Amino acid sequence: MKHITFSSAVLLTIAASVLSYFAGRATRTYTYRLHYNNKNNRIHDKDYQFQNDSFLPRTQPEMEVSKQPIIPMNPELPTPRLADGKKVPKTKYTSMVFSKVHVVSDKYSSLHLDDHVAPSRSDEGMEDTNVSDAALYSHQEVCVETSDGNAKCSINHDYFRQEQGDDFEAIFPSVDGTIGNQDESDEDEEEEHLPSGQHLLIDIKRVNSDFLNSEVRLAEAMLTVVNESKLTLLSYHCHKLIPMGVSCVGVLLESHISFHTWPEAGVITLDLFTCGNGELVPVLPVIERLFAVSMDGVSDDSDLALKPHTVWTHKLRGFRDVENHLSVDLGEMVLEVSSYELKKEIASVQSAFQRIDIYDTIHKSEQDIAAYERSLIPNGSYESKNPKLFEPNRLVFLDGILQSMREGNEAYHEALVHPAMMYHPDPKRVAIIGGGEGATLREVLKHDTVEKVIMIEIDEIMVNVSREFLPDWNDCSDLEGSANWCGDDERAEMKYVDAFAWFNDRFSTSSGMETAQHGEDPFDVIIMDALDPEDDIPFAAALYNNHDFTQTLFNALTDDGVLILQLGEAPDHDSPASQFTKAARRENLIDILVDIGFETIHMYEDGHCGFDGSWTYLLAVKDSSNDYRWYMTQPEMEVEIHSRIRRTKSGSSALKYFDGSIMQTYQVPHKVFEVVFCRTEPKPLSCVTDVARIDVPISDFEVKMSGVGDGSGRGVYTKVDIKQGSSIARKENARPIHIPASSLDLIEKYMDSSVDLTKAYGYIDGYG
């Protein structure tokens, strides 16, 4: 039998740990003991070579092994420990320390998870070994110097056990063997491990230099992060650099944690990678608390510019079959972006209906973080006098989808509310579907005509979170006659119920009940501030493709009632036809509105809402008799705003964005809607190019008295036969005269006092 011998029965401790395998569940660790024959003092048969991949890698053929183990260790370093409830995982360990690094033992340290009872000196083969008690009775790493100056390292979890035979597998049984005493029946059910993970990258500046140069304090912080995060640290390895700096890497059952420090610059960079679905962003405050140690002399009362500052990035890694809130807007726009100088989680709340995330951000290309820091110091600077101008942008996400932001708060909600409210000549009763932030309610309450607003939002937690973390969205304190929180306005009524059920119970055609039976009168304006039609969730599909519910909304409106909806991001010039994209729901909704009986539909967009693209809105009215109000001139709209919008206590304008000039940009749909519509298949008849058509000039027509009978008046008659499909006076029609309805009203009012006005009115009436 081939065997290993040494004089004085020296124990070689070589061992089992990380890198090659973990099963994703807590299982046993295998332990071994090697026996020594003290009749010889050499390794037989060209020296024993560790060639099996399942144990130690072969570094050189026929490598000589020193008799004296080297035990690199800083006794002050903390030992890895399992979090409560964790079981020891099954792993095998391999390590090589390069030439001379292991010799400087106080600058190199590697410690491992202690999971077994240490052997006894009385055990066979252990009496005279020159392995120290520290190595024997702890889980520290033992390194054996090789002939090339490197060192092979292993853990003394337990003494090694040699089996009969010269086969490597006989000496070191594979991990599939039965050595160990953990009962398989105690193991947890194996969960599915997908090839995906999360990566948290963190940079911190203005950190205490003494802390950054202490491998002991840094290691303690690393172990605390791991345990508070419920992760499992298998081992960690630190190098104290000369003259200063520390590099450490911790091997996790879930993957790794590592960092490097620059004490002279006060900088540390860390990264934490884990496999599985556990979220890493909640670990960030723990890392900041433990690693963002202030410089000497800096306290909580010090200027922000002197305190530690953190920049971080979170990335999804690997491959996953299902999207989650981290893989949509929240991840793409915030978490994965590395160019933010400030990125701070304000709130993360899971309600019964949705996940709510709120973040503050400062992007280096748009804002100056130094100016923001100056705005927080009351020193009389311009920034400190105008702190609102330097606030971070605040973004609101529902299930990872961006809903609104501080920079576009007024533009988005004023564009949603006021065109519809101004279209109606006297809106008294208003219903809001959704609008959990409270900003839509805020805008409606600015109209002095309003007597009752019912806001129907299914998620009360969303309203409460908004009230706490989005005060600008729902603040009515400056509005005369209102309340500090818009929801407390005496005209407002909050209902935390399902809007579908609420409207169906009261206004559904199939309910068979009259409005009076439910005690609910119809509304002058209904505002739908809910999900985007492009959202990939069942509720969005039901909201925008439900003929019955849309009919119910029609029934819930007064005879001249107005329905307004937001329809998501506007198309681009190079967008395909909506029927082939997620915008198909938008086109389908328009068809439903027309089919139900809405007489007029206006679609408009606004590009100042803070989103990546322009945002689309749709207004539908039951009776087009008020359509002239959509085309009010800029002065007319300004007069309407002045007469209707409530005054503020501060004297400033209640409207921050909407005015007469903005309304004029809404009156005609953008050209892009026509371009995308004309890509529909089959091609709509209205999109057939005019170039192919025969144009009949104006000279081929005449105006004359009708010969049909007395009093029949004048008419336009053709002098030639006109082929079907021809255009008429295309060139002349390119120069129309537009006379707004309000101008016609003025002419009627004053034409008795002017012959010229009478002639003008006669021309308009005759040819208009």
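Is Cys 275 buried, partly exposed or exposed, and what is its relative accessible area? Cys 275 is partly exposed, with a relative accessible area of 36%, where buried means under 20%, exposed means over 50% and partly exposed lies in between, computed with a 1.4 Å probe on protein chains only.

The views show a predicted model, in which local features need pLDDT of at least 70 and side-chain atom pairs count only at pLDDT 80 or more, while totals for chains, interfaces and linings use all residues. Residues are numbered from 1 along each chain as its sequence is written, and side-chain values use heavy atoms, with hydrogens and water left out.

**View 1. The disulfide of Cys 238 and Cys 248.** A search of the whole structure finds 2 disulfides, a disulfide being a pair of cysteine sulfur atoms within 2.5 Å. In the one that joins Cys 238 to Cys 248, the S to S distance is 2.0 Å. Cys 238 belongs to strand β7 (residues 233-240) and Cys 248 to strand β8 (residues 246-252), so the pair ties together parts that are 10 residues apart in sequence; strands (E, at least two residues) and helices (H or I, at least four) are DSSP runs, numbered from the N terminus. Both cysteines, Cys 238 and Cys 248, are buried.

**View 2. The disulfide of Cys 476 and Cys 486.** The sulfur atoms of Cys 476 and Cys 486 are 2.0 Å apart, and the torsion about their S-S bond is about 95 degrees, so this disulfide is right-handed. Both Cys 476 and Cys 486 are buried.
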